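Subject: Structure for your files

Hello,

Here is the structure I said I would send. My notes on it follow.

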Amino acid sequence: MVDIADILGVSKATLYYYVKNKQDLLFQCHLAAADQALETICTDPSLNGLERLRRSLVAYVISIIGEDSFSVVILEERSLSDEQLRVVIEKRDAFERRLQDVVRAGVTDGSILRCDPKFAVFSVLGAANWVTKWHRPEGAWTIDEIAQASAALLCRGLAAEPVPGYPSNRLYGDQP
């Protein structure tokens, strides 16, 4: 907490005015990360579901690897109290549900192939979240390049246009 106060240029007492303890600070970071994720969801009704998903993924990837990212604290969920963890999980679930709604809209408008929206979102977020493991700020690719390419790659896998010879089942690509 002393290091954080020093970086912020405030006294430790001032910092404790805003947060109760380390656990509370971590909880506030989790809430900020959850709010940041929710803000990435594209809600433009003039776009089809696939384009809304693509734009959401671009914004989400930028949010988790950009300078203003809160994603690094997400690994510390076990440090939260039961009540704090419940709140964080509720926000995470709300984010996932909103993305599932985008996928459902895409299935309905025909831009996304028929799939289980929960499975699609878990798969897409699994890949998107992994970017934080391999992205290096000093690397050859910019944050925008990574976000655009990741979203394009992931959305291509959900695009309604079929790819001949690819297997399908009830989770992915099963046509009525």
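The buried residues of helix 4 are Gly49, Leu50, Arg52, Leu53, Ser56, Leu57, Val58, Tyr60, Val61, Ser63, Ile64 and Ile65. Buried here means under 20% relative accessible area, with exposed over 50% and partly exposed in between (1.4 Å probe, protein chains only); helices are DSSP runs (H or I, at least four residues), numbered from the N terminus.

This is a predicted model, in which local features need pLDDT of at least 70 and side-chain atom pairs count only at pLDDT 80 or more, while totals for chains, interfaces and linings use all residues. Residues are numbered from 1 along each chain as its sequence is written, and side-chain values use heavy atoms, leaving out hydrogens and water.

Twelve of the 17 residues of helix 4 are buried, so the helix is largely enclosed by the rest of the structure. Its buried residues pack against helix 3, helix 5, helix 6 and helix 7. At the N-terminal end, Asn48 caps helix 4, with a side-chain oxygen 3.1 Å from the backbone nitrogen of Leu50.

Beyond its neighbours within four places in sequence, Leu53 is in contact (heavy atoms within 4.5 Å) with Leu99, Val102, Val103, Ile112, Cys155 and Leu158.

Regards

Technical notes: Helix = DSSP H or I, 4+ residues; strand = E, 2+ residues; numbered from the N terminus. Polar contact = N/O pair within 3.5 Å; in protein donor to acceptor, adjacent residues only side chain to side chain.
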